[in-house]
Amino acid sequence: MAESGCLLKCFSTEFEDFLQNRAQCKEFRRPGQSVLLKQSTKLRNGDFVVPSVFVKAAFPDRANLQDFLSSKEVTKSLLNFSLPVQQLSSSDDGRICLKLSQPLTFHKVLSNVEKLKSNYGCLQSDGDKVAIVNLVPQNYKTSDGDNNDGGQSLVQLRGVLIASHVAALLKAGGFVVHEVRPNLQEEHGEFWNILCDGLQALAADSDSETREKILQATAESRYKTSNIEDRRHLSSNDNEDSKDCKRLDDWKIAVGEGMTKTEEIVTLDLKKFIQENGLQTGKEGYEPNLKTVTVLEGNQPTRLLEEVISLQRTLDCVNTKAPVVVHVASHGRAFHSQQVDMTWRTLTPHEVTTSQTHLVYNSVAARKSTSTTEQLTAQDFWRLRHVQMREASVLKYGDAVQGAGWDATITAMTAAAIKFELLFTSCQNIAKLDLSIKESGEGPQDNKGGAFILYNCARLATLFKHYQEDVQAGVYPDLPDIGSVDFSLLKEEEEWELLFNYILPYPDLVQGTVVDVNKTRAKILTHQVCSFLIALSRDLSSYYRRVRVLLEPRAHLLPVMFARLHLLKGVQQVMHNGLSLLGIQPLAQM
């Protein structure tokens, strides 16, 4: 069994190998092609299916298929798989349907959750896989100190949350993760620290040794040019270098044309480095417009070179010289991100044998409102959602909403709601925010995903709190060990769906979020955990409203109550683990 609890993946491999060995035709599928499909609805007809196209290819003679389905040896073997199969059958449309033994599966999966607890869904690191997550600064502050940041702080906020989530997903995948971040708290104030829960790093300490190493490499680089006039060769697509040129022109006007050698502009020829090393360019590789980049102005490192120094400082602290480096950048900073990558490679070609990849996220926009994010800062957005969350709480709970406890709860729900709004959409797409305000002042429904999940977490916490209070009062006995629970008593269809659609596939979902970090363009599904938790909360809420969990303390009712409590303990653990990947603390009560 995988340490993360990925039973689905193990089961799929086991069954496909089993089918391969017993098929009439051994070449019924292509290498790596999955033939087993997990169902999510109409589970009464089977939990897994083998599509008819594979069945016909594996068993051209239907008599052989019937022999396979009716074999007692096959039935006995399948009960010993990672997920115990109770029944094999053939559907009218020619598919093979697999139905699991629900009592055995309940016991196996929930025992696994209870054993792994907060590690359920996570691979334990052996220290061999190392990743550096580098959040590329948005650089939205204007030189005139204008308080209207053009909505860029919302884009930067999305970047911080995505970078934090990526780091958590990599850790869950068994990586040792180091994060490189700009210090943003001073620019945004206290709300930033509340929302990001301390995720942003402090400014890195100065490391003269690392700095000198990079400056020395710059001085000795054969890709270096030191002619002031070389700035005209800078790529027209490089906004940062265009700003560097403007600063140079302004400086020349201020000090005159008499520039000494120590005041020269130093650039690196990235295009030459790319060509000599045969690096891929184009849609799946680096931008073709990577040409030259300014790294020194009057012996002082440019902002870009300072980022390289920061990355090198982090690398010097890593035990391996070959980590995966994930650069997280907005669309507007994607080109700059590749410049940082290539400059680092150019200056340390032998030392930095890293696999560098780029995760690009889109901007933030308003919808359902005449307001636009160009007029809304991150702090404005926080205040809007905080007011709406308080008003919604007052509508639901009335005058009880007061005091420090409620203030903390509303703040936690606001942070969770904003995180879900900015992470729920795939990072490649624009995050569209509903900034409309209803007549009640309650605000839109789609900003409540995070709050709804915290509400359901509080529901479960309250349930278990009441149970423990009744145990101490002598109403109920202690919750028995999971090994003695009769899960055949769980007859409700929603109970099996909670396990089969959520608890069971959770580890595979987490491990499947990091699709590819070995190419120039990273593929990481940063929206998947949010979508999963929202769907789980909806189904849990529906089940909780309809089914009574804490029953009367009668002998014949206690066994089903114990089975339901163990099921909901599994649900609670999965919700807590998923929220942890988002940097959200579950609420113990509302």
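Accessible areas come from the Shrake-Rupley method with a 1.4 Å probe.

**Figure 1. Overview of the predicted chain.** In this predicted model, the chain exposes about 27200 Å², of which carbon and sulfur atoms supply 48%. The chain has 590 residues, and buried residues make up 51% of them. Its secondary structure comprises 20 helices and 16 strands. Among contacts between residues at least 6 apart in sequence, 78% join residues at least 24 apart.

**Figure 2. Close-up of the crossing of helices H16 and H20.** Helix H16 spans residues 449-472, and helix H20 spans residues 558-581. The axes of H16 and H20 come within 10 Å and cross at roughly 140°. Angles over 145 degrees would count as roughly antiparallel; H16 and H20 are therefore oblique to each other. Their crossing is left-handed. On the H16 side, the contact is made by Ile453, Leu454, Asn456, Cys457, Leu460, Ala461, Leu463, Phe464 and Tyr467. H20 contributes Met561, Phe562, Leu565, Leu568, Lys569, Val571, Gln572, Met575, His576 and Leu579. By residue class, the contact of H16 with H20 divides into 15 nonpolar, three polar and one charged.

**Figure 3. Close-up of the crossing of helices H12 and H13.** Helix H12 consists of residues 303-316 and helix H13 of residues 334-347. Their axes come within 9 Å and cross at roughly 60°. That angle makes H12 oblique to H13, because the roughly perpendicular class runs from 65 to 115 degrees and the roughly parallel class holds angles under 35 degrees. H12 passes H13 in a right-handed crossing. The residues of H12 that make the contact are Leu304, Leu305, Glu307, Val308, Leu311, Gln312 and Leu315. Those of H13 are His336, Gln339, Val340, Thr343, Trp344 and Leu347. In the contact of H12 with H13, eight residues are nonpolar, four are polar and one is charged.

Definitions and conventions
Residues are numbered from 1 along each chain as its sequence is written. This is a predicted model: local features need pLDDT of at least 70, side-chain atom pairs count only at pLDDT 80 or more; totals for chains, interfaces and linings use all residues. Side-chain values use heavy atoms; hydrogens and water are left out. Helices (H or I, at least four residues) and strands (E, at least two) are DSSP runs, numbered from the N terminus. Axes are lines fitted to C-alpha atoms, for helices over the stretch in contact, and angles run from 0 to 180 degrees between N-to-C directions. A crossing is left-handed if the near helix is turned anticlockwise from the far one by less than a right angle, and right-handed if clockwise. Contact means heavy atoms within 4.5 Å. Ala, Val, Leu, Ile, Met, Phe, Trp, Tyr, Cys and Pro count as nonpolar, Asp, Glu, Lys and Arg as charged, and the others, Gly among them, as polar. Buried means under 20% relative accessible area, exposed over 50%, partly exposed in between (1.4 Å probe, protein chains only).
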